[in-house]
Amino acid sequence: MKIEKICIVGGGTAGWMSAAGLSNKFSDLGISIELVESDKIGTVGVGEATLPHIRYFNNSLGINEKDFMLATRATFKLGIEFCDWGKIGDQYVHPFGDYGIPIDNIEYHHFWLRLLQKGHKSRLCDHSFPVLAAESGKFQHPQGDNNEIGSNFGYAYQFDSGLYAKFLRKYSEARNVIRTEGRVTEVLQNHENGNITSILLEDGSTIEADIFIDCSGFRGLLIEQTLKTGYEDWSNWLPCNKAVAVQCEQEGPSLPYTRATARTAGWQWRIPLQHRTGNGYVYWDKYISDDEATHQLLSTLEGRAITEPKQLFFKTGKRKKLWQKNVIAIGLSGGFMEPLESTSIHLIQEGITSLIELFPDKSFPESDIEEYNRRMNLNFDRVRDFLLLHYVATQRDDSDMWNYFRNMTLPSSLKDKITAWNNRGYLTKYEHGVFHPPSWLAVMAGQNLMPKSYDIRANRIDYNIIKSKLDSIRNDNRIAVKNTPEHASYLQEYGASIVK
Ligand SMILES: Cc1cc2nc3c(=O)[nH]c(=O)nc-3n(C[C@H](O)[C@H](O)[C@H](O)COP(=O)(O)OP(=O)(O)OC[C@H]3O[C@@H](n4cnc5c(N)ncnc54)[C@H](O)[C@@H]3O)c2cc1C
């Protein structure tokens with residue numbers, strides 16, 4: 001009953017991450033892996049900003065960070081800067097790290113709220129080392145001692161996703177993954193149970209396998225076009241449905257953070273790599289034309305455009321089942337939410353990790369399939385709520401799009417979370433889901449959604465003691481940032497040559 005052959009359809013980020021992850025765990029167990037990709041169809045060609053979890057993925061593959069960064073022209077990323085989301089002119093950074101440290105087992109932000117209510121004003125951001133480091137364009141690796149303020153943070157990367165796929169291809173081929181170039185023209189199923197048995201390529205060849213990983217992108221060649229799994233459409237909540245992307249020359253030193261700027265009909269990203277900057281405008285076409293979106297993007301670039309603008313269309317949501325019969329949809333074939341918090345590559349990673357953990361035999365136990373779908377559904381739902389929070393925690397009323405969000409009916413999971421926060425600054429903790437309480441805090445406070453009160457236990461400690469503790473954390477952050485090198489020079493020293 002053992003699975004002997006895995007077939008991966010698609011060679012974008014999802015396909016090659018799957019090939020690398022699965023070959024790392026299963027090649028030496030006598031399971032063969034073949035990946036099919038079509039050069040003619042190509043890949044989506046975007047997806048450059050990541051979350052810290054990708055480091056665990058690379059580590060689990062035994063990849064050396066320096067080799068990876070050189071190969072993918074990567075920069076370090078400390079978080080995302082959000083501009084104009086609460087009100088036009090607002091700015092905050094969502095960092096990969098906590099704010100301060102709990103006092104008497106009570107989360108730090110309750111003390112910050114208490115001081116705020118007493119009129120002692122300080123930006124929440126000033127209580128976070130990674131925010132201040134990002135804002136100053138500085139970076140160095142955490143130095144090992146987690147108790148040190150300058151070491152207690154996470155970081156991710158900004159990289160060229162095409163180069164990452166190439167890098168992982170080399171890794172996978174070294175672990176016996178067979179790569180076949182060609183277009184899949186037909187998919188054959190077992191008449192009794194509906195499982196996919198083989199795929200036919202344009203040149204007439206056939207690939208048989210026991211299990212198929214659908215990494216074919218938005219088209220969902222196996223999961224949707226063949227198995228008709230169905231799509232849960234989330235465009236009532238996340239209605240932006242198009243994007244235009246362009247790369248430009250980099251002006252100034254490369255920065256250790258991604259920027260997301262809210263616009264009247266969507267938002268714009270800026271992702272600095274070593275040698276260029278990735279840019280894009282995600283928009284709702286009900287409120288802006290393609291030409292106008294392209295014009296707005298091009299007119300706000302910081303450097304000369306070096307590629308033609310590329311148009312992308314999507315419908316936010318996910319497949320009703322990400323694992324159906326003997327097909328697992330990973331990547332865009334499984335679903336898509338806009339890249340506001342760089343979550344797509346992370347969801348790919350979650351899919352691969354869960355598949356490895358629940359890897360079936362040929363009987364495909366229903367309980368494993370259900371567990372996989374349960375986990376992945378939760379992961380998708382949590383991301384959806386977190387993205388939506390950015391749109392609804394707003395005071396903007398300068399366009400029809402913002403008015404739509406201010407008046408929308410929220411998913412109950414998000415509504416409950418916001419209510420708990422509004423009442424007493426409580427941050428609900430979830431089973432599964434990538435964003436932990438500090439991330440929710442960053443966005444809620446950053447977009448001026450302030451609670452009526454805070455945890456009353458914060459009143460047990462003398463006001464002056466709290467004030468002096470918080471002042472000293474802010475001060476320690478400032479000193480730690482002062483002693484941190486510039487990101488650009490750190491990158492150079494780290495071995496990544498910066499092309500100007
Ligand atoms: C506008 C935008 C911005 C994004 N930004 C980010 C970001 O900053 N961070 C992030 O984490 N994610 C981001 N993403 C998501 C990210 O780009 C994708 O998750 C990632 O690239 C994975 O794509 P994929 O491999 O699933 O699909 P694709 O890249 O589309 O690859 C599909 C593969 O399937 C193959 N294929 C398809 N049909 C056939 C066929 N019939 N025969 C043979 N082969 C076939 C293609 O040749 C290709 O190799 C963004 C997405 C969009 C749309």
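1. Over how many bridges do S13 and strand S16 (residues 277-283) pair, and in which sense, parallel or antiparallel? S13 and S16 pair in the antiparallel sense over seven bridges; two strands pair if DSSP finds at least two bridges between them. Gln247 has Gly278 in S16 as its bridge partner.

2. The model is predicted: local features need pLDDT of at least 70, side-chain atom pairs count only at pLDDT 80 or more, and totals for chains, interfaces and linings use all residues. Numbering runs from 1 along each chain as its sequence is written, and side-chain values use heavy atoms, with hydrogens and water left out.

3. S13 also pairs with strand S17 (residues 310-313), in the antiparallel sense over four bridges. The bridge partner of Ala243 in S17 is Leu312. Strands (E, at least two residues) and helices (H or I, at least four) are DSSP runs, numbered from the N terminus.

4. Strand S13 (residues 242-248) is largely enclosed by the rest of the structure, because six of its seven residues are buried (under 20% relative accessible area, 1.4 Å probe, protein chains only).

5. The second largest pocket is lined by 22 residues; Pro52, Phe96, Gly97, Phe153 and Gly154 lie nearest its centre. Helix H2 (53-60), strand S5 (91-95) and helix H12 (437-446) each give two or more residues to this lining, and H2 gives the most, with three. A pocket is an open set of points on a 1 Å grid over the protein atoms alone, where a 1.4 Å probe fits, with protein on both sides within 12 Å along at least five of seven lines; lining residues have an atom within 4 Å of a point.

Key
Buried means under 20% relative accessible area, exposed over 50%, partly exposed in between (1.4 Å probe, protein chains only).
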